[in-house]
Amino acid sequence: MRKPWVVGVLLAGMFLGGCGDPASAPEEPAPAVPRASATTHQRVPASPGPGPERAPTVLYLGDSLAMEAQKVLGEELRRDLEAKYTGAPYSGTTLCDYLEGTADRSLVPAPDKAAALVRRLRPDVVVLQFWGNSWGYTPCMDGITYDKSPARYFTRYETDARRLTEQIAAAGGDGRPRIVWVSQGPDPITPERVRRVNALYEKRAAASGGLVADAGKTVSPATGRYSWTQYLPCTAYERGHPGLCTQPGRGRTALHRDDDYLHFCLAPTTSRPKPCPVRSPGILRIAREITKTVRQAAR
């Protein structure tokens, strides 16, 4: 990256939309809780005939990384798996926001809590994508942040992961969905935090019969899983699709904007969270890896 990445990190704090690293959280109010459900549905078109696998019903929950990726993931799931897909991400959230019983201290309204959506939609697979956010304006974290108390942060995060898994399973009843945890990519500020968050996802998946989609690996250098980079070499797929290899002359593609080290959308972050409006290689890499794992989970 030609510009010093430190400048990008400082500017990024203005645009994280509540999904930043706890140690570098923006000092501004969290987004207002929507008065109505923000759930979006994408239904598969009629198929000409039965395929080799039953089309799964997929529910996608998460924070601003999920918010920006939800449209692309839906497209990938419909094309590759003919999935019936619902996305209900909320920027600025963490695991406890999706727990039932936190309505008064949560950024997610009651109709879009994980268990409520599972009871209503009866998904086969629930995809959870969370950066591990625990900055001070996430009310349900009760002020626990990584920078002030790493031990309390990880203990609370692990507890919430277990509770969320249990609530999803109970809501599913005899048709309990399988959970896919999405691993996160590198963080240039606190790389060890992300490493431990991903380890918690792996532990929870192993304990509850879930799976981990190592999407973070697809946006990491081959030389270091937790080494942050703004650019990676173009893949064969990206070279074959216009706009995905952003610097074809140099054989590399951009994962992040100069002013945002966290998000993968190559359009500027807006004050009103929305799906990414431009083709962004990092988002597509993540969505394709999630889709591969959802296929495995739905078998």
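User: Which residues are buried in α3?

Analyst: This is a predicted model, and the assignment of buried residues in it rests on a relative accessible area under 20%. Helix α3 spans residues 114-121 and is mostly covered, with 6 of its 8 residues buried. The buried residues of α3 are Ala 114, Ala 115, Ala 116, Leu 117, Val 118 and Leu 121.

User: Which residue follows α3, and what is its phi?

Analyst: Helix α3 covers residues 114-121, and the residue that follows the helix has a positive phi. That residue is Arg 122, with a phi near 50 degrees.

User: How much of the protein chain counts as buried?

Analyst: The protein chain is built from 7 helices and 8 strands. Among its contacts with a separation of 6 or more, 72% are between residues 24 or more positions apart. Of the 299 residues in the protein chain, the share that counts as buried is 55%.

User: Which residues have the most contacts inside the largest nonpolar core?

Analyst: The largest nonpolar core has 39 residues, and the elements that give two or more residues to this core are β2 (57-62), α2 (64-81), β4 (125-129), β5 (178-182), β6 (211-213) and α7 (281-298). Apart from it lies another core, of 34 residues, which includes Ala 88, Tyr 157, Trp 181 and Ala 205. Inside the largest core, the residues with the most contacts are Tyr 60, Leu 77, Val 127, Ile 290 and Val 294.

User: Which residues does Val 294 touch, leaving aside those up to four places away in sequence?

Analyst: Val 294 is among the residues with the most contacts inside the largest nonpolar core, and a contact here requires heavy atoms within 4.5 Å. With residues up to four places away in sequence not counted, Val 294 touches Val 58, Leu 77, Leu 81, Val 125 and Val 127.

User: What is the angle between the planes of Tyr 157 and Tyr 201?

Analyst: The model has 8 aromatic pairs, and Tyr 157 and Tyr 201 form one that is 6.2 Å centre to centre and tilted. The pair links distant parts of the chain, with Tyr 157 in helix α4 (residues 150-172) and Tyr 201 in helix α5, 44 residues apart. Both Tyr 157 and Tyr 201 are buried. The angle between their planes is 45 degrees.

User: At what distance from the ring centre of Phe 154 does Arg 196 lie?

Analyst: Phe 154 belongs to one aromatic cluster together with Tyr 146, Tyr 153, Tyr 157, Trp 181 and Tyr 201. Arg 196 lies over the face of Phe 154, and its distance from the ring centre is 3.9 Å.

User: Which side chain joins that of Thr 190 in a polar contact?

Analyst: Thr 190 lies in the loop between β5 and α5 (191-208). Thr 190 counts as buried because its relative accessible area is 12%. The polar contact of 2.8 Å joins its side chain to that of Asp 187.

Technical notes. Residues numbered from 1 in each chain as written. Predicted model: local features only at pLDDT ≥ 70, side-chain atom pairs only at ≥ 80, totals over all residues. Heavy atoms only, no water. Core = buried A, V, L, I, M, F, W, Y, C linked by side-chain atoms within 4.5 Å. Buried < 20%, exposed > 50% of the residue type's maximum accessible area, 1.4 Å probe, protein only. Helix = DSSP H or I, 4+ residues; strand = E, 2+ residues; numbered from the N terminus. Polar contact = N/O pair within 3.5 Å; in protein donor to acceptor, adjacent residues only side chain to side chain. Phe/Tyr/Trp six-rings, centres within 6.5 Å; stacked < 30°, edge-to-face > 60°. Lys NZ or Arg CZ within 6 Å of the ring centre and 35° of its normal.
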